[in-house]
Amino acid sequence: MEPILLAWEKFARTLLHAKYMDKAALRAHAREMLLEIADDLESIQSETEQAAKSKGLAPEDGEESWAEVRAEERHTNGFSVIETISEFRALRASVVSLWSKAYPKVSIQQREDLSRFHEAIDQAVAETLQQYATTNDMDNRLFGAILIASPDPIYVLDLEGRFIYANRASDNLFALEPEAIIGKSPLDLGFSFACDFQRHLEKVIADQVIYRGKFAYAFASGDGERFEYLLAPVLDEQKNTEAAICIFRDITEQALAEEKNWHSAHHDLLTGLPNRRLFLDRLEQEIKHAKRRSQTLALLFLDLDGFKKINDSLGHEAGDQVLTAVAKRLTESVRENDTVARLGGDEFTVILTGIEQRKDVEVVAQNIMGAIAMPFQIARQGVQISVSIGISLYPQDASLPEVLLEAADQAMYTAKKAGANRMYFYNPGNKIDTQSS
């Protein structure tokens, strides 16, 4: 037994799936095979049974043989049929070699024993092949059923990015017949995401990695708008990439829900304007942008004059209508790339980008003051308010978002104390520099 197991260990290390198995597992596997064959040699068999076994046609007793059980285990552990059969070949070669050395002169009984050994090996090989075929057939049927039943589009691409397989869900999503898909690439089919997809596919194939991505696209079927996908390499027995598999998943509902949640968390529920959180993020980004381009940025801090009186006399519903109308007028008074936000209550902010001179800011502030001064039709009556505006400039007054906001806030309070309906540029020396509408 020991010389056979030593030879077996050396051989097993050449097999991909046995290379990393521990010594005990390797030896136990070979020992079991040898003992099963030894039992077979000791059993009584007729010449007819021996002839049948030599062809791999031994009669079945209704139970799984040791070779079938072993084949199932090897298949589960990832061994290919070639690797599994080669184990029998190695065992046969080792035993025959040692047998020849032990018996230089072979007797009739020893010759019969050796023949029985070959017959047992042949029968085991036949049963192993049959078990692999049966298991593979079942795997193929199960895999096929999964692909057909899957609601997710699943397809296989060759190394050039062409479809070599697409399941029914893919056909339905693309709104194409299978023959219009196979042999084509996403680029051939006119998908706008195809260039990015192809770039990631090439990386998956070259680096043998898994990639997860997302894209937005309206397929001809009309199903879904947002998708995530997974790309994975398919490797052959030599660990070379031979294809790639891709799975799409429709995440439209999830994506829209996430966008809705994000919008709710970053926008004022009443006016729809950016809230304080989004405003501060925008301000930080705009300051970085202005710094890179050596530009000036203006921040306007607005507080409505007389708003509390409307709330007290006409009620909070009327006050909400005024705030909504103010938000609309502010948005219409600035450029599309400027930011209007509501910080809370009756306080608003405006970020003006790409300012060339101070006079440009004054013009925008005057336009805002004029727009807010126009009567609002609330509760079937006209109401009027005004606005006090504090202005700070980047980089003259501050370079940090919080400090720039504080400067504009201070300037607004100075304008309000000066009589309201005024705008005031921040002056660290507290020198009054106001203009009224």
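## Strands, ring pairs and selected residues

Strand β6 (residues 296-305) is mostly covered, with 10 of its 10 residues buried. The model described here is predicted. Side chains in a regular strand alternate between the two faces of the sheet. In β6 both faces are covered: Thr296, Ala298, Leu300, Leu302 and Leu304 are buried on one side, and Leu297, Leu299, Phe301, Asp303 and Asp305 are buried on the other.

Strand β6 has antiparallel pairings with β8 and with β11. Seven bridges connect β6 with strand β8 (residues 347-355) in the antiparallel sense, and the bridge partner of Leu302 in β8 is Phe348. Between β6 and strand β11 (residues 386-394) there are nine bridges, also antiparallel; here Leu302 stands opposite Ile389.

A further sheet is open and has five strands in the order β2-β1-β5-β4-β3, paired antiparallel. Its edge strands, β2 (163-166) and β3 (211-216), each pair on one side only. Direction ignored, neighbouring strands of this sheet are turned by 25 degrees against each other on average. Strands of a sheet pair through backbone hydrogen bonds, either parallel or antiparallel. Within this sheet, β4 and β5 run antiparallel and are joined by nine bridges; Glu228 has Arg249 in β5 as its bridge partner. Helix α9 (residues 194-207) packs on the sheet and touches β1, β3, β4 and β5. The direction of α9 makes about 30 degrees with that of β4.

Which strand holds Thr241? Thr241 lies in β5 (residues 241-250). Thr241 has a relative accessible area of 15%, under the 20% limit, and therefore counts as buried. A polar atom of the Thr241 side chain lies 3.1 Å from the backbone oxygen of Ile205. The side chain of Thr241 also makes a polar contact of 3.1 Å with the side chain of Gln208. Beyond its neighbours within four places in sequence, Thr241 is in contact with Leu159, Ile205, Gln208, Pro233, Val234 and Leu235.

The structure holds 29 aromatic pairs. Two of them, both involving Phe248, are listed below.

| Ring pair | Distance between centres | Angle between planes | Class |
|---|---|---|---|
| Tyr155 and Phe248 | 5.4 Å | 80 degrees | edge-to-face |
| Phe227 and Phe248 | 6.3 Å | 40 degrees | tilted |

Why does the pair of Phe227 and Phe248 tie together separate parts of the sequence? Phe227 lies in strand β4 (residues 226-235) and Phe248 in strand β5, so the pair ties together parts that are 21 residues apart in sequence. Phe227 is buried, as is Phe248.

Two arginines lie over phenylalanine rings. The charged end of Arg70 sits over the ring of Phe88, 4.6 Å from its centre. Arg74 lies over the face of Phe79, at 4.1 Å from the ring centre.

Gln410 belongs to helix α15 (residues 401-417). Is Gln410 buried, exposed or partly exposed? Its relative accessibility is 37%, so Gln410 counts as partly exposed, because values between 20% and 50% fall in that class. From C-alpha to C-alpha, Gln410 and Lys288 are 23 Å apart in space, with a separation of 122 residues in sequence.

How values were computed:
Residues numbered from 1 in each chain as written. Predicted model: local features only at pLDDT ≥ 70, side-chain atom pairs only at ≥ 80, totals over all residues. Heavy atoms only, no water. Helix = DSSP H or I, 4+ residues; strand = E, 2+ residues; numbered from the N terminus. Buried < 20%, exposed > 50% of the residue type's maximum accessible area, 1.4 Å probe, protein only. Polar contact = N/O pair within 3.5 Å; in protein donor to acceptor, adjacent residues only side chain to side chain. Contact = heavy atoms within 4.5 Å. Phe/Tyr/Trp six-rings, centres within 6.5 Å; stacked < 30°, edge-to-face > 60°. Lys NZ or Arg CZ within 6 Å of the ring centre and 35° of its normal. Pairing = 2+ DSSP bridges. Axes fitted to C-alpha atoms, helices over the stretch in contact; angles between N-to-C directions.
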